[in-house]
Amino acid sequence: THDVTAMGYVSVSTATSSAVVAALNATGLRILKERKDGWTTQLGFTRLPGHGYPLVKLATGAITSLVPVVFVLGIITLAMQVPVGVPTLLAVAGVIWLCMTILYGFGVLVGFWFGEAAGGLTILLAQLGLPVLGGVFWAVSSFPGWLRAVADVLPVYHVTSIAHDVEAGLVPARGDVLIVAGYLAAVVVGLVFAVRHPRRTGLPDGFPEPKAKAEKKDSDAGQ
């Protein structure tokens, strides 16, 4: 049980849910659209290194997910006069934002590995399902047993739990931290694999290849 006020609980839950939507929109949906428009193929004629495109998308996801966290927490805290100190508020915002690395990293992977239809559906289900099944707005203890088991394996549930612990001035539960760290490690491994094996990402020409490198390959092939 977290010793927080009702509005404090709502502010953290709303910020988390908003960040999830923003992170997935800025990465997965955007990449899928750019692939459809042929933008990723055009990048092959620039000097952007192969890892540059995913790094840009990760940075975009980080910035985009930070905005709703700061905005929602700030507005609700000020408007509803939630009794939370500035250091605690900043700590909560930082926890949510850092944990969103899992979501915008996941969004990048979906954008690279899935087709437009499957990718769009996956992002939509994640945006709706993670906050709902993850118990962002209500106690998971009220769920049926099988649904509690589902919530317990979702990252958003543990991110929200960590944020509520920080808001209440408690040390986050080790289990929550380990599960979030496990998801983060899995996303990092997935991104590294995608960068090193571009032909398996589903992109038409793999990750964007610098023009100079492509010309060198053609020259070597001609010889």
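**A walk around the helices**

Visitor: Which helix does Glu-116 lie in?

Guide: Glu-116 lies in helix α6. Helices here are DSSP runs of H or I with at least four residues, strands are E runs of at least two, and both are numbered from the N terminus.

Visitor: Before we go on, what am I looking at?

Guide: This is a predicted model, so local features need pLDDT of at least 70 and side-chain atom pairs count only at pLDDT 80 or more, while totals for chains, interfaces and linings use all residues. Residues are numbered from 1 along each chain as its sequence is written, and side-chain values use heavy atoms, with hydrogens and water left out.

Visitor: Okay, back to Glu-116. Is Glu-116 exposed, partly exposed or buried?

Guide: Glu-116 counts as partly exposed, at 48% relative accessibility. Buried means under 20% relative accessible area, exposed means over 50%, and partly exposed is in between, using a 1.4 Å probe and protein chains only.

Visitor: And what does Glu-116 touch?

Guide: Leaving out residues up to four places away in sequence, Glu-116 touches Leu-32 and Lys-36. A contact means heavy atoms within 4.5 Å. Glu-116 and Leu-32 are 84 residues apart in sequence, yet their C-alpha atoms are 5.7 Å apart.

Visitor: What about the rest of α6, how many residues does it have?

Guide: Helix α6 covers residues 116–133, so to speak the whole stretch, with 18 residues. From first C-alpha to last, α6 reaches 25 Å, close to the 26 Å expected at 1.5 Å a residue. That expected span is 1.5 Å times one less than the number of residues.

Visitor: Where is the kink in α6 centred?

Guide: On Ala-126, with a kink of about 25°. The bend at a residue is the angle between axes fitted to the seven residues ending there and the seven starting there. Ala-126 is among the buried residues of α6, along with Gly-119, Ile-123, Gln-127, Gly-129, Leu-130 and Pro-131. The buried residues of α6 pack against α1, α5 (101–113) and α8 (155–167). After α6 comes Gly-135, with a positive phi near 65°.

Visitor: Let's switch to charges. How many salt bridges are there?

Guide: Two salt bridges, counting a side-chain nitrogen of Lys or Arg within 4 Å of a carboxyl oxygen of Asp or Glu. In one, the side chains of Arg-30 and Glu-34 meet at 3.3 Å, N to O. Both residues lie in helix α1, four residues apart, about one turn of the helix.

Visitor: And the other one? Which side chain meets Glu-34 there?

Guide: Lys-57, at 2.9 Å, N to O. Lys-57 lies in helix α3 (residues 52–79) and Glu-34 in helix α1, so the pair ties together parts that are 23 residues apart in sequence. Salt bridges that share partners join Arg-30, Glu-34 and Lys-57 into one network.

Visitor: Are those three buried or exposed?

Guide: Glu-34 is buried at 8% relative accessible area, and Lys-57 is buried at 7%. Arg-30 is partly exposed, at 40%.

Visitor: Now the greasy part. Which residues touch the most other members of the largest nonpolar core?

Guide: Leu-73, Val-92, Ile-96, Met-100 and Leu-103, out of 41 residues in that core. A nonpolar core is a set of buried Ala, Val, Leu, Ile, Met, Phe, Trp, Tyr and Cys residues joined through side-chain atoms within 4.5 Å. α1, α3, α4 (86–99), α5, α6, α8 and α9 (174–196) each supply at least two of its residues.

Visitor: Take Ile-96. What does Ile-96 touch?

Guide: Not counting residues up to four places away in sequence, Ile-96 touches Val-12, Ala-15, Thr-16, Ala-19, Val-69 and Ala-163.

Visitor: Last stop, α8. How many of its residues are buried?

Guide: Twelve of the 13 residues of α8 are buried, leaving the helix mostly covered. Just after α8, Gly-169 takes a positive phi of about 80°.
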